[in-house]
Amino acid sequence: MNSVKIEIQYFTGCPNSQKMVERVKNAVEQISFDINYKETLVETPEEADRLKFRGSPTLLIEGKDFENLPEPEKGSLSCRYYPNGLPETEQIINEIKRKESK
């Protein structure tokens with residue numbers, strides 16, 4: 001079985017960034033299969049554009065956005081709004097398990 005790739009992209013100026021990092025780390029700790037975890041600190045508009053940054057924080061599981069937000073034409077160094085609130089640890093665990101079973 002391959003590991004599941006998880007990446008969190010963020011910058012430090014947004015209020016939800018640290019909370020998301022903590023929830024993702026908590027989720028990863030509770031999972032028994034192999035996880036390839038990466039944090040990407042986005043610090044410049046050029047980096048945001050190169051990464052097609054959807055805003056801070058963005059959670060990618062197997063390269064797919066947690067909320068299925070498509071890659072923007074041009075990435076932006078901005079805070080991200082989650083209409084249903086920031087994903088809870090349990091929701092993150094469930095999504096990781098769903099991706100692992102594919």
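Which residues does Ile6 touch, not counting residues up to four places away in sequence?

Modeller: Happy to, and please keep in mind that this is a predicted model. Ile6 touches Val24, Val28, Ile35, Asn36, Tyr37, Lys38, Leu59, Leu60 and Ile96, leaving aside residues up to four places away in sequence. Ile6 also belongs to the largest nonpolar core, which has 20 residues; Ile6, Met20, Val24, Ile35, Leu59, Ile92 and Ile96 are the ones that touch the most other members. Two or more residues of this core come from each of β1 (4-10), α1 (17-29), β3 (58-61) and α3. Of these, α1 gives the most, with five residues. In soluble globular proteins, nonpolar side chains tend to be buried together.

Now to the strand itself. Six of the seven residues of β1 are buried, so β1 is largely enclosed by the rest of the structure. On one hand, β1 pairs with strand β2 (residues 35-41) in the parallel sense, over seven bridges. Val4, for instance, has Ile35 in β2 as its bridge partner. The chain gets from β1 to β2 by way of α1, and this β-α-β crossover is right-handed. On the other hand, β1 and β3 pair in the antiparallel sense over four bridges, and Glu7 stands opposite Leu60 in β3.

Let me finish with helix α3 (residues 89-100), where Lys99 is found. Lys99 counts as buried because its relative accessible area is 18%, under the 20% cut-off. Leaving out residues up to four places away in sequence, Lys99 touches Ile61, Glu62 and Lys64.

Note on methods
Residues are numbered from 1 along each chain as its sequence is written. This is a predicted model: local features need pLDDT of at least 70, side-chain atom pairs count only at pLDDT 80 or more; totals for chains, interfaces and linings use all residues. Side-chain values use heavy atoms; hydrogens and water are left out. Buried means under 20% relative accessible area, exposed over 50%, partly exposed in between (1.4 Å probe, protein chains only). Contact means heavy atoms within 4.5 Å. A nonpolar core is a set of buried Ala, Val, Leu, Ile, Met, Phe, Trp, Tyr and Cys residues joined through side-chain atoms within 4.5 Å. Two strands pair if DSSP finds at least two bridges between them. A crossover is right-handed if, with the strands pointing away from the viewer, the path from the first strand over the helix to the second runs clockwise.
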